Amino acid sequence: MTWQPLVLSFQVAAAATVIAGVIGIALGAWLALWRFPGRDLVDVLVTSPLLVPPTVLGYYVLVAIGQHSPVGRLYHALTGGTLVFSRAGVIVAATLGALPFVAKAARAAIEAVDPALARAARTLGASPWRAFTTVVLPLASRGIAAGLMLGFARALGDFGVTLMVAGDIPGETQTASLAIYDAIQASREADAAGMIAVLSALACAVLYAANKLTRPRHG
Amino acid sequence: MAETLDVCVRVRPSRKSPFVVDAAFSVPPGITILFGPSGAGKSTTLAAIAGLLVPEAGRIRVGEEVWFDHDARVDRPAHRRGVGLVFQSLALFPHLTALANVAYGIGKTPDREQRARRLLQKMRVEHLAERHPVTFSGGEAQRVALARAFAIGPRVLLLDEAFSAMDEPLRRELQADVRAFVDEARIPVLQITHHREEARALGDRVVVLEDGRVKAAGSTTLLTG
């Protein structure tokens, strides 16, 4: 039994959480603080990876970052490699899975901050950016942290989009979820058992911690 | 130098404020009461002065400095106006200590913390310095909010029913603190209330607002009877 797929899953989930964190918090703040035409549409697009079937989502991602797409060509020009069927592709797939959790949590957490506090900061000489980073963001941090944890757990367990975009290449793109699938298919349950236990325990731990973080504090 | 705040604004209802305001008045140094029933547009007027909403038309000036002029396309952002605003909800930052709340508006000067401590001391709440707002009593929170507004060295002070929830002795004490600050700083103060007694006791002048328009302005004796 090898733990390599699990190690890769953790590496990918960590990278995806960082990327989804930056993009998701920015998106959440944009949706929470600005009124603009098409806001609901943006919200739907951000949330859609939660509901669109993984194979369909994987197809869109393949089209978007494939070798002949502008993104794929740019990536090739910069690195000489391809996004699809590579570790970068695994990270893209995991990021897409994590993003709705982070963006939704960030939006809700930012919307829950009393707008009078940001206004007070403005009258005290804070620019909009300073008011956001020193008042709104710290007060929304627990909700955002919960979203990041859920996003990490989601990125850790991605299967369908990863398979479509990055394939199932042992030692290269085979994450824990894919390795578990392969092991079960080949009747190697013992090989899958350890990874199943770790992923299950982690999912429960993350849910517990996220619930703790989002529970209202008293006193 | 003592400056007068001149306000002439028209605000139409929006998501930020459902009230119409079409008012023009002056606020000389001292305490001017903005008096009127609920829905008269008092808080909306304060928000426009502070730069927290953009009027549809008009002009706001402090001394010779123009903060807003619709025709000349001047709109100084809220953080560059130097308005000390005490909100009805006080809006103390719950994640910061009293000291950090007061220091927030003081620039990054070496004596920042000392200045904040001095203000807390002046407001008789220095013992709260390291505590968070959730632990303050109503009166303590009011004092910290006032100290925070004073800390920026405001050119104009706006009080949005800041003392309305207080009992009479405490209200008098806080008002004496405001009076002492105003006498020293010689700045215009615009204080909202819809309590006639409070307006008469506290103000040097009064502006009566009804349905967003100035109905009367002058001495607080206007409110007699």
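Student: How does H1(A) pass H5(A), in a left-handed or right-handed crossing?
Tutor: H1(A) passes H5(A) in a right-handed crossing. Bear in mind that this is a predicted model.

Student: At what angle do they pack, and how far apart are the axes?
Tutor: The angle is about 35°, and the axes are 6 Å apart. H1 covers residues 4–33 of chain A and H5 covers residues 87–111.

Student: What classes of residue make up that contact?
Tutor: In the contact of H1(A) with H5(A), 22 residues are nonpolar, five are polar and two are charged.

Student: Take Ala29(A). Which helix is that in?
Tutor: Ala29(A) belongs to helix H1 of chain A.

Student: Buried or exposed?
Tutor: Ala29(A) is buried, because it has 21 C-beta neighbours inside 10 Å and the cut-off for buried is 20 or more.

Student: Which residues does Ala29(A) touch, leaving aside neighbours within four places in sequence?
Tutor: Ala29(A) is in contact with Ala106(A) and Ile110(A).

Student: And where is Val136(A) relative to Ala29(A)?
Tutor: Their C-alpha atoms are separated by 9.6 Å, while the two residues are 107 apart along the chain.

Student: Switching to the chain contact. How many residues does each of chain A and chain B put in?
Tutor: Chain A contributes 14 residues and chain B contributes 16.

Student: Which elements of chain A give two or more residues to that side?
Tutor: Helix H6 (115–123) and helix H7 (128–156) of chain A do. H6(A) gives the most, with six residues.

Student: What is the breakdown by class on the side of chain A?
Tutor: The side of chain A that touches chain B has eight nonpolar residues, four polar and two charged.

Student: Why does Phe85(A) count as partly exposed?
Tutor: Phe85(A) has 17 other C-beta atoms within 10 Å, so it falls between the cut-offs of 12 or fewer for exposed and 20 or more for buried.

Student: What about Asp211(B), what is its phi?
Tutor: Asp211(B) has a positive phi of about 50°, although it is not a glycine.

Student: Where is it found?
Tutor: Asp211(B) is in the loop between strand E10 (205–210) and strand E11 (213–219) of chain B. Because it has 14 C-beta neighbours inside 10 Å, Asp211(B) counts as partly exposed.

Definitions and conventions:
Residues numbered from 1 in each chain as written. Chains lettered and ligands numbered in written order. Predicted model: local features only at pLDDT ≥ 70, side-chain atom pairs only at ≥ 80, totals over all residues. Axes fitted to C-alpha atoms, helices over the stretch in contact; angles between N-to-C directions. Helix = DSSP H or I, 4+ residues; strand = E, 2+ residues; numbered from the N terminus. Left-handed = near helix turned anticlockwise from the far one by under 90°. Nonpolar A, V, L, I, M, F, W, Y, C, P; charged D, E, K, R; others polar. Contact = placed C-beta atoms within 7 Å.
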